[in-house]
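Thanks for asking me to look this one over.

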Amino acid sequence: MQHTTSKFEFRLLAQSGAARRGEILTPRGVIRTPAFMPVGTTATVKALYTDQVKAAGADIILGNTYHLMLRPGAERIHRLGGLHSFMRWEGPILTDSGGFQVMSLATIRKITEAGAEFSSHIDGARHMLSPERSIEIQCLLGSDIQMQFDECIELPAERSEVERAMQLSLRWAERSKSAFEEARDNGLAGDGQALFAIVQGGTDAALRRVSAEALVDMDFPGYAIGGLAVGEGHELMLSTLEATLPFLPKAKPRYLMGVGTPLDLIEAVARGVDMFDCVMPTRNGRHGLAFTWNGRVNLRNARHAEDTSPLDPESSCPAARDYSRAYLHHLVKSGEYLGAMLISWANTWFYQELMQAMRDAISEGRFDEWAAETKARLGETPSKGTA
């Protein structure tokens with residue numbers, strides 16, 4: 001059932017163990033949780049029409065502050081009517097803060113209390129991204145859920161470095177919140193938009209607790225767990241989640257950033273996570289790797305060359321159901337654009353079917369049983385999960 005609202009609201013509808021089913025209400029629509037957000041880095045989910053993303057079952061997509069500020073520019077998108085109108089997506093959009101891309105993409109960067117100074121990976125131009133500028137950009141884009149500016153560091157790292165970045169991110173969280181409230185006062189942000197905090201602290205349980213408790217005291221509408229899936233491995237990621245989630249409010253959404261594989265999603269939902277994003281469905285799709293209900297399929301492999309069976313007969317996605325593995329293999333081997341398009345479509349659809357199956361299992365009170373059956377069927381292992 002759809003709800004209309006003028007404000008941001010989270011409702012918890014069912015639980016099965018620690019797994020939660022809920023809905024996030026926004027003026028642009030309802031986000032059913034657990035939710036997987038396809039990544040629309042530069043105002044496009046790569047190789048897909050927005051109509052396909054919606055038909056796959058996605059309620060919300062993610063846009064990228066760093067990329068959009070560099071090209072075409074936040075002010076330009078604002079002049080053109082905002083990100084939703086620009087890319088023809090009517091539903092909710094979450095934008096990240098740009099912090100992760102500054103870490104991973106910027107060629108030269110300098111982190112100070114003021115913010116992050118860096119050179120663009122596109123043309124080398126110098127930019128300064130501060131908590132205030134990050135929020136300004138996200139407000140100009142018009143995103144429904146915005147993220148505080150934070151410093152995300154690569155793991156493993158020395159504890160002192162992890163603590164320094166975590167404490168800096170806490171101070172930046174306060175500045176992000178002040179900037180967002182000022183944007184509301186100035187009419188650049190509305191009541192239906194929300195700012196989420198990001199818990200940092202590496203894989204150190206004590207630091208994660210300090211970060212989580214400090215952010216909860218600041219009273220954000222939602223909380224993300226950041227700084228994972230950056231090299232720490234599957235088991236450490238899960239143990240860090242277990243050490244962090246108890247300190248986050250049950251009545252607010254919990255978002256695990258940049259994750260992940262089907263196994264990652266199942267295991268994180270089992271521990272109480274509500275939201276995810278990852279480039280994996282489309283990135284793998286562009287490289288000929290498909291996700292199906294019977295496990296991963298590498299369509300580059302020669303054994304598919306004369307296989308007339310569909311990619312996944314159990315999928316309701318036309319790309320997975322109506323095209324033969326032989327044809328998809330041919331497209332991939334030939335470097336045809338259509339191969340990337342069809343497999344990305346099938347993968348995006350599979351991820352949404354996976355989330356719907358999780359929501360159903362939670363409502364039926366049988367999530368643990370469903371998870372065990374599904375993990376066995378998918379053949380997912382932690383070693384694959386961190387590849």
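The points below go through a few spots in this predicted model.

1. Let me start with Asp96, which sits in the loop between β6 (93-95) and α5 (99-104). Asp96 is buried but has no salt bridge. The nearest side chain of opposite charge belongs to Arg283, and it is 11 Å away.

2. What does the side chain of Asp96 make a polar contact with? The partner is the side chain of Asn64, at 2.8 Å. Leaving aside neighbours within four places in sequence, Asp96 is in contact with Leu62, Gly63, Asn64, Thr65, Gln101, Gln138 and Met147.

3. Next, have a look at strand β14 (residues 275-278). Met275 and Asp277 point one way from this strand, Phe276 and Cys278 point the other way, and all are buried. In a regular strand, side chains alternate between the two faces of the sheet.

4. β14 also has strand partners. Strand β4 (residues 35-40) runs parallel to β14 and is joined to it by 4 bridges, with Phe276 as the bridge partner of Phe36. Strand β13 (residues 254-256) is likewise parallel to β14, joined through 2 bridges, and here Phe276 is the bridge partner of Leu256.

5. Phe276 and Leu256 turn up again in the largest nonpolar core, which has 59 residues. The members that touch the most others are Leu215, Leu256, Phe276, Met358, Phe367 and Trp370. Beyond four places in sequence, the contacts of Leu256 include Ile225, Leu228, Leu241, Ala268 and Val273. A second, separate core has 42 residues, among them Val53, Leu70, Ile77 and Leu140. As a general rule, nonpolar side chains in soluble globular proteins tend to be buried together.

6. Two peptide bonds deserve a line each in your notes. Thr33 and Pro34 are joined by a cis peptide bond with omega about 0°, and Pro34 is in the loop between β3 (29-33) and β4. The bond from Arg71 to Pro72 is cis as well, with omega near 10°; Pro72 is in the loop between α2 (65-70) and α3 (74-79).

7. Finally, two backbone angles. Ala47 is not a glycine, yet its phi is positive, about 75°. Ala47 lies in the loop between β4 and α1 (50-55) and counts as partly exposed because its relative accessibility is 31%. Asp219 also has a positive phi, near 65°, and lies in the loop between α8 (205-218) and β12 (222-225). With a relative accessible area of 47%, Asp219 is partly exposed.

Conventions. Residues numbered from 1 in each chain as written. Predicted model: local features only at pLDDT ≥ 70, side-chain atom pairs only at ≥ 80, totals over all residues. Heavy atoms only, no water. Buried < 20%, exposed > 50% of the residue type's maximum accessible area, 1.4 Å probe, protein only. Lys, Arg positive; Asp, Glu negative; His and termini not counted. Salt bridge = Lys/Arg side-chain N within 4 Å of Asp/Glu carboxyl O. Polar contact = N/O pair within 3.5 Å; in protein donor to acceptor, adjacent residues only side chain to side chain. Contact = heavy atoms within 4.5 Å. Core = buried A, V, L, I, M, F, W, Y, C linked by side-chain atoms within 4.5 Å. Pairing = 2+ DSSP bridges.
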